[in-house]
Amino acid sequence: MVLNPAKREKKSQYDQKLCRLLDEYTQVLVVAADNVGSTQMQNIRKGLRGDSIILMGKNTMMKRSIRLHAERTGNDAFKSLLPLLVGNVGFIFTKGDLKEVREEIAKYKVGAPARVGLVAPIDVIVPPGNTGLDPSQTSFFQVLNIPTKINKGTVEIVTAVELIRKGEKVGSSEAALLSKLGIRPFSYGLVVVSVYDNGTVFSPEVLDLTEDDLMEKFRSWLSNVTSLSLAVSFPTLAAAPHMFINAYKTALSLAVATEYTFPQAEKIKEYLKDPTKFAVAVGGDAGAPATSAKEEKAEQSEPAKEEEEESDEDLVAGLFD
């Protein structure tokens, strides 16, 4: 088949533009454009003008241009875009913040009526209340099994009814009823389905993560690594402090239970032999008034409890005294 020269020129220009954008931009949002009108698309282009460019086209043409450009430049990272070209999709090339660009796109969603044969993107629920329709319109509600009553000469819906479920096709009766009620249940716009950033492709949900979310996940992973390292006795940077502390506790227990000793254990042994020394060290001023016998007895019972409550940081610090 011989291509029209004008069409061949347009394809060549499109190929050059796509290749230029791939070289110039490292961030690409892959967006679905189902049910997006030309006026709506024009408004989105105006809103993104400055640091972002929208490029739509036929999937076969885009795949061919990307594949050939990847081979010419030797950059196989471009090929990760090929599996994403499924359905009515396009590219948004941007140098701005990806999350902000996605939020800007979401501003241009518009309401749309339920058309016959359209697959519902969400559940459609008809709320209870007065419809403003005259009693002759009750046939629509009866066909759809919607409970109604006549109130002051108009039809009133008694309870909320799930008219259409997500994924179901809109029937003629449902579309007619929603039209009569003035309900536009659906909204359409460009929807980000994938994100490409320097050769890496990930889900758009990643853009919703905050620094707090990342820190929480890091703490969770660090805790898991530490627990596993301690369980299998495999030293890691995360488990090393706990291993030192546990080893010090074991050595200290042996020193207390036996004649074996080392400098850091001498002070503990002295406290165990004479608990009043520990009470004086913790209690503070030696010039304070003498306490009662009851208070002195209570203080003597405290060292063992205080020793158990010593933090791991104090034990580690004791290694280097």
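Q: Let's start with two helices: is the crossing of H7 and H8 left-handed or right-handed?
A: In this predicted model, H7 crosses H8 in the right-handed sense.

Q: At what angle do H7 and H8 pack, and how far apart are their axes?
A: Start with the general idea: a packed helix pair is described by the angle between the two axes and by the distance between them. Here, helix H7 covers residues 211-232 and helix H8 covers residues 240-257; they pack at about 40°, with axes 10 Å apart. The two helices are therefore oblique to each other.

Q: Which residues of H7 and H8 meet?
A: From H7, look for Thr226, Ser229 and Leu230; they meet His242, Met243 and Asn246 of H8.

Q: Now try another pair: at what angle do the axes of H1 and H3 cross?
A: Helix H1 (residues 5-24) and helix H3 (residues 59-73) have axes that come within 10 Å and cross at roughly 55°. H1 is therefore oblique to H3. As for the hand, H1 passes H3 in a right-handed crossing. On the H1 side the meeting residues are Lys11, Tyr14, Asp15, Leu18, Cys19, Leu22 and Asp23, and on the H3 side they are Met61, Met62, Ser65, Ile66, His69 and Arg72.

Q: On to sheets: in what order do the three strands of the open sheet lie?
A: In general, strands of a sheet pair through backbone hydrogen bonds, in a parallel or an antiparallel way. In this open sheet the order is S6-S8-S7, with antiparallel pairing. Strand S6 (129-130) and strand S7 (148-151) are the edge strands, each pairing on one side only.

Q: How many bridges join S6 to S8?
A: Two bridges join this antiparallel pair. Asn130 has Glu156 in S8 as its bridge partner. On the other pairing, S7 and S8 are antiparallel over four bridges. There, Thr148 stands opposite Ile157 of S8, and Lys149 stands opposite Glu156 of S8.

Q: How many residues lie between S7 and S8 in their hairpin?
A: Two residues lie between the strands, and Lys152 in this turn has a positive phi of about 55°.

Q: Which residues of S8 point one way, and which the other way?
A: The rule to keep in mind is that side chains in a regular strand alternate between the two faces of the sheet. In S8, Thr154 and Glu156 point one way, while Val155 and Ile157 point the other way; all of them are buried.

Q: Which residues touch the most other members of the largest nonpolar core?
A: Nonpolar side chains tend to be buried together in soluble globular proteins. The largest nonpolar core in this model has 21 residues, and those touching the most other members are Phe141, Ile146, Leu163, Ile164, Val170, Leu178 and Phe186. At least two core residues come from each of strand S5 (124-126), strand S8 (154-157), strand S9 (161-164), helix H6 (172-181) and strand S10 (186-188).

Q: What does Val170 touch, leaving out residues up to four places away in sequence?
A: Val170 touches Ala114, Arg115, Val116, Gly117, Leu118, Ile164, Ala175 and Phe186.

Q: And for the whole chain, how many helices and strands are there?
A: The protein chain has 13 helices and 12 strands. Of its 321 residues, 31% are buried. Among contacts between residues at least 6 apart in sequence, 70% join residues at least 24 apart.

Technical notes:
Residues are numbered from 1 along each chain as its sequence is written. This is a predicted model: local features need pLDDT of at least 70, side-chain atom pairs count only at pLDDT 80 or more; totals for chains, interfaces and linings use all residues. Side-chain values use heavy atoms; hydrogens and water are left out. A nonpolar core is a set of buried Ala, Val, Leu, Ile, Met, Phe, Trp, Tyr and Cys residues joined through side-chain atoms within 4.5 Å. Buried means under 20% relative accessible area, exposed over 50%, partly exposed in between (1.4 Å probe, protein chains only). Contact means heavy atoms within 4.5 Å. Two strands pair if DSSP finds at least two bridges between them. Axes are lines fitted to C-alpha atoms, for helices over the stretch in contact, and angles run from 0 to 180 degrees between N-to-C directions. Angles under 35 degrees count as roughly parallel, over 145 as roughly antiparallel, 65 to 115 as roughly perpendicular and the rest as oblique. A crossing is left-handed if the near helix is turned anticlockwise from the far one by less than a right angle, and right-handed if clockwise.
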